[in-house]
Amino acid sequence: MNILFIHQNFPGQWKHLAPALAAAGHSCTALTLRVKKQSMWHGVRVLPYALPERAAQKVHPWLVDLDTKVTRAEACYRAAARMKAEGYTPDLILAHPGWGEPMFLRDLWPGARMAIYCELYHKPGKPHLDFDPEFQSREPEVQPLRIRLKNIYNHLHFPMAEAGISPTRFQADTFPPEFRDKITVSHDGIDTVASCPDEGVRVHLKGHPEFTRKTEVITFVNRNLEPYRGYHIFMRALPRLLRERPNARVILIGGDEVSYGAAPPKGQTWKQIFRDEVSDQISPEDWKRVHFLGRIPHGDFTRILQLSRVHVYLTYPFVLSWSLMEAMSCGAAIVASGTEPVREVITDGETGRLVDFFDREALVDQIVALCEDADARATLGANARTLMQDQYDLKTICLPRQLKWVDEVMDLPVLL
């Protein structure tokens, strides 16, 4: 088959599926903003498209999100039209619609099947909206209206997609019934061979001391350090945690940008805002035991998870992070927020320990308890790894399921 992948940051969630389909003999092509020149990646032909320069225009603030998606959709459409003019016709389009890119592709290729990655449908009620009272909307009465507009791109894609795929039940269940029935739940997959325990692991990053399994390491990971992932809760728990564990080293991994939710005040970062908030509660000597690593190569990231004595994961009711599941695969003892997406993989007392997202005292209590209980850490870590191997392993579970899903999509009648 000719298979066309659409993702503004390809490969994104198609990281494993695209090479597997190419290896199976399919002709795989990707359209993406990520590259500037045509290239090959694991058997996939990667083609660039670029956003046009255009004069600034005023739009209603509630429509800014849709405006950016239509801009990307038009640019992607024009690049695809050039491909069509050169004789290219896909049999299957696998697309992440989150940035709007595939919005007009069925107009070009009405005979192609399309399947979409269903990451999240934005729901107007609690706990999805205004979960955190500290970051309430200035106009809560209009938030449901804005959310409804934010979902327009979802509704534009539903009628043209034969099927969808979603990594967790929580994410799939956010979608309305008329499309939920088309969604297959299959996680992207965790490489449990690479993300595995290693008692002999040693990490020596430039500017930081050497860490081994003998070091009491507590880890906290976000793509970006921000409230959506509980960074403010963890930082407010940090002064007491450092006092309770005078030999612990706390490692925080994550960037300074914003992945989700509101941006910080202009010129500031959430990282620095909450670091400053607790600064005078932590002595200079204790600050030396706190290590902000920023974003690091994945190999270093894995080794740090292998070091972790207790791994902390907090999140709003939102997309579940790969980092949590990789920590579980490494056999880390987890303390996590008891929010709905987390409960899909963490059973309290079996594969980790759960606390209320906002209860930083309970968070410290559980971290301290695990630091002092090697048997509990070993049991929780082993159970967590077993779950990843049995239900989320990339090579034996998730990738075969995704490949089967592709075959099933091709058996569906084309929506004309």
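**Helix packing, a parallel strand and one arginine**

Student: Which residues of α15 meet α16?
Tutor: In this predicted model, Q389, D390 and Q391 in α15 meet T396, I397, C398 and R401 in α16.

Student: And what's the make-up of that contact by class?
Tutor: The contact of α15 with α16 has 2 nonpolar, 3 polar and 2 charged residues.

Student: At what angle do the two helices pack, and how far apart are their axes?
Tutor: Helix α15, covering residues 374-391, and helix α16, covering residues 394-410, pack at an angle of about 35°, and their axes are 6 Å apart.

Student: Switching to the strands, which way do the residues of β7 point?
Tutor: From strand β7, residues 163-166, A163 and I165 point one way while G164 and S166 point the other way, and all of them are buried.

Student: Which strands is β7 joined to, and how many bridges are there?
Tutor: Strand β6, residues 113-117, is joined to β7 by 3 bridges, and the two run parallel; β7 is also joined by 3 bridges to strand β8, residues 183-185, and these two run parallel as well.

Student: What are the bridge partners around I165?
Tutor: I165 is the bridge partner in β7 of Y117, and the bridge partner of I165 in β8 is T184.

Student: New topic: where is R243, and is it buried or exposed?
Tutor: R243 lies in helix α8, which spans residues 231-244, and R243 counts as exposed because its relative accessibility is 56%, where the cut-off for exposed is over 50%.

Student: How far is R243 from D286?
Tutor: The C-alpha atoms of R243 and D286 are separated by 8.4 Å, although the two residues are 43 residues apart along the chain.

Methods: Residues numbered from 1 in each chain as written. Predicted model: local features only at pLDDT ≥ 70, side-chain atom pairs only at ≥ 80, totals over all residues. Heavy atoms only, no water. Axes fitted to C-alpha atoms, helices over the stretch in contact; angles between N-to-C directions. Helix = DSSP H or I, 4+ residues; strand = E, 2+ residues; numbered from the N terminus. Contact = heavy atoms within 4.5 Å. Nonpolar A, V, L, I, M, F, W, Y, C, P; charged D, E, K, R; others polar. Buried < 20%, exposed > 50% of the residue type's maximum accessible area, 1.4 Å probe, protein only. Pairing = 2+ DSSP bridges.
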